[in-house]
Amino acid sequence: MNTKTALSGLLAIQLIIIAGLWWYAQNQSNSNLPQALLDIHWENVDKVTITSETGTVSLGQSKSKDDGEWQLLGDGLLAQSDKVNALLEKLEQLRVKWPVATNQTSHSRFEVDQKNAQRRIAIHSGENLLGEILIGSSPGLKQLHIRKAGSDQVYVVELELADIPPKTTDWLDRSLLAANNVGRIEGADFVLVKSGESWQLSHKSPSILKNQANPVTENQQEIENLLSSLKKLRVTGLVKDKPDLAEGHAVKLDVISGDNRWRYTFHENNGQHFVQRNDRNTLFTFAKSDYEEIAQSSQLIVDSQEKQKVEDKEG
C-alpha cells in the first residue's frame, strides 16, 4: 500500500512538472511573438494631438462620429479625414518584439525623450488619454525609433515622419471651399442661372442667348471654366495675421450650391492671392493661377454681355 501511495505521489509530481514546463514553454512562445505597441480600444479614439518643434496640431472627430469627419480643433476647419484615419491605422498596426534599448539614458540618443522627440503623439477618447508615443531618429529607410510614454523600452518600427506632418496646413482639407452642383452665380455685373444642362442670364439682365430654342450662350466656355474653377478650388494655407486688403483688387461671387448660399471674395494684393467665404471667418491663401482663371472667366462673361447689348441696339 505504501509503495502504491509513493508511486501515485511520484506520478502526481511528474504531472505537475510536465504541466509547469508546458506552461513555461507557452509563455516563452507568446513572449517571442510581436506585440501591439499600443494596446487600446481604437474604435473609441476621437482626438489626436501631434507635437513637434513647430507647435501642436490638434485633430478631433466631429460630434457625429458616424460621418467619420475629422476637424482641426481650435480652427473649426475640416481636416483630411482619410489622412487622419490612415495614420491611426498605421499606429494601430505597429508591432514590436525586441527593444533596442531598455534604459532611460538611451532616450536622448535615439531622440525619444521629451525634449528631443521628433514627434509626440497623444491619443484620446474624450478627456481620457489612451496612449502617448514619442518618435525619434531614423535608423534606416522607412524606420523610426519609438517609445511609449511611461516606458523605458525603445523599439524600431516601420514608419515615416512624412506620415506625421507637423503643420496645421498639412492636415487641412484643402478642398473645403470647393463648390459642387452650382445652380446660380452672381457677379458684380452678371447673373447666371442654370437651366437644364445649359446656362443663361436671369431675367434681371439682358439675354445673351444666340438661340432661345437651343440655349447655348456665346460664352459657354467661360462659364464652364468658372464652374470648373469653383469645383476644383483648393486653398494653400491659413492667414493668421490678416493684411489690409482695401487697396487690392477683389472679385466677388454669390454662389448657390444645393441648399447653400455663399459669397466668395477673391483678393489680389501685393502679389499675393487670398480667398474668403462668408460662412467662415478664416482668410485663406490660394494659387495665383486659380485667381487669374476666376477673374478672367468672370470678365469674359461681362465682356460678352456688353457685346450682346451693343448688337441688340444695332439690331
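Predicted model: local features only at pLDDT ≥ 70, side-chain atom pairs only at ≥ 80, totals over all residues.
At 3% relative accessibility, R277 counts as buried (buried means under 20% relative accessible area, exposed over 50%, and partly exposed in between, with a 1.4 Å probe and protein chains only). Residues are numbered from 1 along each chain as its sequence is written, and side-chain values use heavy atoms, leaving out hydrogens and water.

**The chain as a whole**

- The protein chain holds five helices and 18 strands (DSSP runs numbered from the N terminus, with helices being H or I of at least four residues and strands being E of at least two).
- Of its 315 residues, 40% count as buried.
- The accessible surface comes to about 18,500 Å², and carbon and sulfur atoms account for 46% of it (areas come from the Shrake-Rupley method with a 1.4 Å probe, and for residues only the protein chains shown count as cover).
- Looking at contacts between residues at least 6 apart in sequence, 56% join residues at least 24 apart (a contact means heavy atoms within 4.5 Å).

**Confidence**

- The mean pLDDT of the chain is 85, and 81% of the residues reach 70 or more (pLDDT is the predictor's confidence in each residue, from 0 to 100).
- Residues 203-216 are a stretch to read with care: pLDDT stays under 50 there, and the model has 23 contacts beyond four places in sequence for them.

**Salt bridges**

- The whole structure contains eight salt bridges (a side-chain nitrogen of Lys or Arg within 4 Å of a carboxyl oxygen of Asp or Glu).
- One of them joins D163 to K90, with the closest N and O atoms 2.9 Å apart. This pair links distant parts of the chain, 73 residues apart: D163 sits in the loop between β10 (154-158) and α3 (168-171), while K90 belongs to helix α2 (residues 81-92). K90 counts as partly exposed because its relative accessibility is 36%.
- E292 is partly exposed, with a relative accessibility of 38%.

**Aromatic rings and the charges over them**

- Four aromatic pairs turn up in the whole structure (rings of Phe, Tyr and Trp, the last by its six-membered ring, pair if their centres lie within 6.5 Å; planes under 30 degrees apart are stacked, over 60 edge-to-face, and the rest tilted). W262 and Y264 have ring centres 6.3 Å apart and planes at 85°, so this pair is edge-to-face.
- F286 and Y291 form an edge-to-face pair too, at 6.4 Å centre to centre with 70° between the planes. Both of these residues are buried.
- W262 is buried at 13% relative accessibility, and Y264 is buried at 0%.
- Ring pairs connect W262, Y264, F266, F286 and Y291 into a cluster.
- K83 lies over the face of W171, at 5.3 Å from the ring centre.

- T49 is located in strand β2 (residues 47-52) and is buried at 12% relative accessibility. Leaving aside residues up to four places away in sequence, T49 touches T56, V57, S58, R120, I121, A122 and H124.
- H145 is in strand β9 (residues 143-148) and is buried, with a relative accessible area of 7%. Beyond residues up to four places away in sequence, the residues that H145 touches include V100, F110, V112, L134 and Y155.
- Q93 is found in the loop between α2 and β6 (95-96), and this residue is exposed, with a relative accessible area of 52%. The C-alpha atoms of Q93 and A36 are separated by 7.1 Å, although the two residues are 57 apart along the chain.

Note on methods. Lys NZ or Arg CZ within 6 Å of the ring centre and 35° of its normal.
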